[in-house]
Amino acid sequence: MGTCFGILGCIEVRRDGVLVDVGHAMQQHVLAALLVDADRAVPLDTLVDRVWGDAEPSLGRRNL
């Protein structure tokens with residue numbers, strides 16, 4: 001069976017048919033933002049825009 005991801009509606013992960021805990025809401029948003037571009041690198045700016053939008057956190061990311 002493997003691993004299945006659901007990103008429409010509730011974000012969920014199932015491994016071999018068993019529901020896996022994917023963490024709190026922010027972790028779920030990051031997972032969904034990464035899954036949109038599965039198998040490709042997601043630039044940090046893109047990830048931050050998708051997850052936080054205009055309310056981006058102060059991460060000092062410009063210094064990365």
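Residues are numbered from 1 along each chain as its sequence is written. Because the model is predicted, local features need pLDDT of at least 70 and side-chain atom pairs count only at pLDDT 80 or more, while totals for chains, interfaces and linings use all residues; side-chain values use heavy atoms, with hydrogens and water left out.

**Exercise 1.** State the pattern that the chain follows along the sequence.

*Solution.* Begin with the elements: helices (H or I, at least four residues) and strands (E, at least two) are DSSP runs, numbered from the N terminus. The chain holds two helices and three strands. Read along the sequence, these give the pattern β-β-β-α-α.

**Exercise 2.** Work out how E2 is joined to E1 and to E3, and name bridge partners.

*Solution.* The criterion for pairing is that DSSP finds at least two bridges between two strands. Step one: E1 and E2 pair in the antiparallel sense over four bridges, and among the residues facing each other across these strands, Thr3 stands opposite Arg15 in E2, while Phe5 stands opposite Val13 in E2. Step two: strand E2 (residues 12-15) is joined to E3 by three bridges, again antiparallel; here Val13 has Val20 of E3 as its bridge partner, and Arg14 stands opposite Leu19 in E3.

**Exercise 3.** Find the residues with positive phi in the two hairpins and in the loop between H1 and H2.

*Solution.* In the hairpin of E1 and E2, with five residues between the strands, Gly9 takes a positive phi near 85°. In the hairpin of E2 and E3, with two residues between the strands, the positive phi belongs to Asp16 and is near 50°, in this case in a residue other than glycine. For exposure, buried means under 20% relative accessible area, exposed over 50%, and partly exposed in between (1.4 Å probe, protein chains only). Asp16 has a relative accessible area of 48% and is therefore partly exposed. Asp39, in the loop between H1 and H2, has a positive phi of about 70° although it is not a glycine, and because its relative accessibility is 85%, Asp39 counts as exposed.

**Exercise 4.** Decide how many disulfides the chain has, and classify the exposure of Cys4 and Cys10.

*Solution.* A disulfide is a pair of cysteine sulfur atoms within 2.5 Å, and by this rule the count comes to zero. Cys4 has a relative accessible area of 46%, so Cys4 is partly exposed, whereas Cys10, at 65% relative accessibility, counts as exposed.

**Exercise 5.** Identify the residues of the nonpolar surface patch and locate Val36.

*Solution.* Val36 lies in the loop between helix H1 (25-35) and helix H2 (44-52), and Val36 counts as partly exposed because its relative accessibility is 49%.

Note on methods. Patch = residues over 30% accessible without salt bridge, like charges linked within 9 Å, V, L, I, M, F, W, Y side chains within 5 Å. Areas by Shrake-Rupley, 256 points an atom, 1.4 Å probe, with all protein chains shown as cover. Salt bridge = Lys/Arg side-chain N within 4 Å of Asp/Glu carboxyl O.
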